[in-house]
Amino acid sequence: MAKVTAGVATSHIPAMGAAIDLGKTGEDYWKPVFEGYEFSKKWIKDSKPDVVFLVYNDHATAFDLKTIPTFAIGCADEFQPADEGWGPRPVPVVKGHPELASHIAQSVIQDDFDLTIANEMEVDHGLSVPMSLMFGQPEEWPCKVIPFAVNVVVFPPPSGNRCYQLGKAIRRAIDTFDEDLNVQIWGTGGMSHQLQGPRAGLINSEFDAKFLDSFVSNPDELAKLPHLEYMRNAGSEAIELVMWLVMRGAMDDDVEQVHRFYHVPASNTAVGHLILENRT
Ligand code: DHB
Ligand code: FE
């Protein structure tokens, strides 16, 4: 059977992608940021996922204001890189796993979560930056990826609790897929950040530290945090953190934290990164 072995959470700051693509990771500004991912790149070489279920948000790249799915699952064979603003990064095409994705869609929709099926979808920095942070710059990505887009860009976003419960439904779906697959689930975005308006550049390290603690050891409580509290305390784009809760819901209650990293600043944002393993 397919098995969820580990969860990865990380910020997906586009400037980090640009630093990788332009060979700037060794510069004074970026060095302490990328040092936080040295462990992770070694770890993932050993843990060798077959499939990554990658929860991220689209930034008006695949979906504009015409259509705004709250949750969209990528069921295609492949997904082309794209981005708003600077255009696509020079990264490999993302290969999907249509059979597992369709099984998850079937199971999760019958489990009362309404998903949008995306049979064609471009994927932006929300997905490609975490891939580069974990895998570096290979010719081809070393595993299949199921992109799962959550709307946190246009009001109203889903609640943290909805995301957490959805993660549990995704776990039930993966557990019943009849093929031996090593599956990881990733949640991207966050941490504190606000990109526009009078509060642009807002960072709340105290909020971020508490979030990281509760995320690992007390997710049931953390899931109750209302969406306005993320925005009020940690900036409007901190709402991206609800996507981490999809990952946490899909992991065991009791997990082992194998890596934790936090750094300020990178671009306008606090960088946060966790790796969790299931003990079973
Ligand atoms: C930044 C962070 C994001 O998550 C994003 O999607 C765009 C920009 C930033 O910090 O610059
Ligand atoms: Fe973002």
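Which backbone oxygen does the side chain of Ser-11 reach at 3.5 Å? In this predicted model, local features require pLDDT of at least 70 and side-chain atom pairs count only at pLDDT 80 or more, whereas totals for chains, interfaces and linings use all residues. Residues are numbered from 1 along each chain as its sequence is written, chains are lettered from A and ligands numbered from 1 in the order in which they are written, and side-chain values use heavy atoms, with hydrogens and water left out.

Ser-11 is placed in the loop between strand S1 (3–10) and helix H1 (14–21); helices (H or I, at least four residues) and strands (E, at least two) are DSSP runs numbered from the N terminus. The backbone oxygen reached by the Ser-11 side chain at 3.5 Å belongs to Ala-270, and the backbone nitrogen of Gly-272 is reached at 3.0 Å. Beyond its neighbours within four places in sequence, Ser-11 is in contact (heavy atoms within 4.5 Å) with residues including Tyr-37, Pro-130, Leu-133, Trp-244 and Val-271.

The surroundings of ligand 1 include His-12, Ile-13, Pro-14, His-59, His-125 and Glu-240; a residue is included if one of its heavy atoms lies within 4 Å. Oxygen atoms of ligand 1 lie 3.1 Å from a polar side-chain atom of His-12 and 3.0 Å from one of His-193. For Ser-267, a side-chain N or O atom is 2.5 Å from an oxygen atom of the ligand. The protein covers 90% of the 290 Å² of accessible area that ligand 1 has on its own, as computed by the Shrake-Rupley method with a 1.4 Å probe.

The largest nonpolar core has 57 residues, and Ile-73 and Phe-148 have the most contacts inside it. Such a core is a set of buried Ala, Val, Leu, Ile, Met, Phe, Trp, Tyr and Cys residues joined through side-chain atoms within 4.5 Å. Apart from this core lies another, of 25 residues, among them Trp-43, Ala-76, Met-134 and Trp-186.

Just after H4, Asp-112 adopts a positive phi of about 80°.

Note on methods
Buried means under 20% relative accessible area, exposed over 50%, partly exposed in between (1.4 Å probe, protein chains only). A polar contact is a pair of N or O atoms within 3.5 Å; within protein, one must be able to donate a hydrogen and the other to accept it, and residues adjacent in sequence count only if both atoms are side-chain atoms.
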